[in-house]
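Good morning, everyone. Please keep the structure on your screens while I talk. I'll start with one term and then walk through the chain.

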Amino acid sequence: MGKQNLTLMTDLYELTMMQGYYETGAYNRKVVFDLFYRKNPSGNGFAITAGLQQAIEYLDGLHFTEEDIAYLESLNLFSEDFIDYLRSFRFTGEVYAVPEGTIVFPHEPLMRIKAPIIEAQLIELSLIHISEPTRRSYIS
């Protein structure tokens, strides 16, 4: 993933939910979510974890660029206060993950994220998208 900024690799729903949390003052409430998969690729009995580094790089680099901010402002959907909040937005949560190369099974947490709800709202979908190409490569 390198230096590519994937912060807006999300949908409008996530951003409007984030604004809702911000506007109601609930944005710092801590939540926990697990990232897992439901079915082994190609009907195998197990899978081996990979991609943790890409997920950590995404979280470490999470921020809204000035281009992102300008685009969001152009939508005329977000309050000025929320846009100002996004200018300094960073991931501050905690990540617990299964180490690379570990054998795992369906429905086991691969990652557990504990973060303010406004951060969790944004990253949940993005982490699912980041893992999606890996899953597809195993499906014939």
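First, the term. Two strands count as paired if DSSP finds at least two bridges between them. Now apply that. Strand β1 and strand β5, residues 111-116, are joined by six bridges. The two strands run antiparallel. One thing to keep in mind: this is a predicted model.

Let's step back to the whole chain. It has five helices and five strands. Starting at the N terminus, the order is α-β-β-α-α-α-β-β-β-α. Along the principal axes, the C-alpha atoms fill a box of roughly 50 × 30 × 20 Å. There are 140 residues, and 35% of them count as buried.

Back to the sheet. Which strands make it up? The order is β1-β5-β3, three strands in an open sheet with antiparallel pairing. β1, residues 30-35, and β3, residues 94-97, stand at the edges. Each has a single partner strand, so one side of each has no neighbour in the sheet. From one strand to the next, the twist averages 15°.

Look closely at β1. Its covered face holds V31, F33 and L35. Its uncovered face holds K30, V32 and D34. F33 stands opposite I113.

What does D34 form with R112? A salt bridge, with the closest N and O atoms 2.6 Å apart. D34 is in β1 and R112 is in β5, so this pair ties together parts that are 78 residues apart in sequence.

How many salt bridges does a search of the whole structure find? Four. E66 and R87 meet in a salt bridge, 3.2 Å from N to O. E66 lies in helix α3, residues 66-74, and R87 lies in helix α4, so the pair ties together parts 21 residues apart in sequence. R87 also bridges to D84, with the closest N and O atoms 3.3 Å apart. This time both partners sit in α4, three residues apart, about one turn of the helix. An α-helix has 3.6 residues a turn, so residues three or four places apart point the same way. D84 is partly exposed, at 38% relative accessibility. R87 is partly exposed too, at 34%. Put together, E66, E73, D84 and R87 are linked in a network of salt bridges.

Stay on α4, residues 80-87. Which of its residues are buried? F82, I83, Y85 and L86. They cover an arc of only 155° around the axis, which puts them on the same side of α4.

M18 has 0% relative accessibility, so M18 counts as buried.

Last stop, the surface. F46, I48, I103 and F105 make a nonpolar patch of about 380 Å². One of them, I103, is in strand β4, residues 103-104. Is I103 exposed or partly exposed? Exposed means over 50%, and buried means under 20%. I103 has 47% relative accessibility, so I103 counts as partly exposed. Compare P99, in the loop between β3 and β4. P99 has a relative accessible area of 51%, so P99 is exposed.

Terms used
Residues are numbered from 1 along each chain as its sequence is written. This is a predicted model: local features need pLDDT of at least 70, side-chain atom pairs count only at pLDDT 80 or more; totals for chains, interfaces and linings use all residues. Side-chain values use heavy atoms; hydrogens and water are left out. Patches are made of residues with over 30% relative accessible area and no salt bridge: like charges are joined within 9 Å, nonpolar side chains (Val, Leu, Ile, Met, Phe, Trp, Tyr) within 5 Å. Accessible areas come from the Shrake-Rupley method with a 1.4 Å probe; for residues, only the protein chains shown count as cover. A salt bridge is a side-chain nitrogen of Lys or Arg within 4 Å of a carboxyl oxygen of Asp or Glu. Helices (H or I, at least four residues) and strands (E, at least two) are DSSP runs, numbered from the N terminus. Buried means under 20% relative accessible area, exposed over 50%, partly exposed in between (1.4 Å probe, protein chains only). The arc is that of the directions from the helix axis to the C-beta atoms. Axes are lines fitted to C-alpha atoms, for helices over the stretch in contact, and angles run from 0 to 180 degrees between N-to-C directions.
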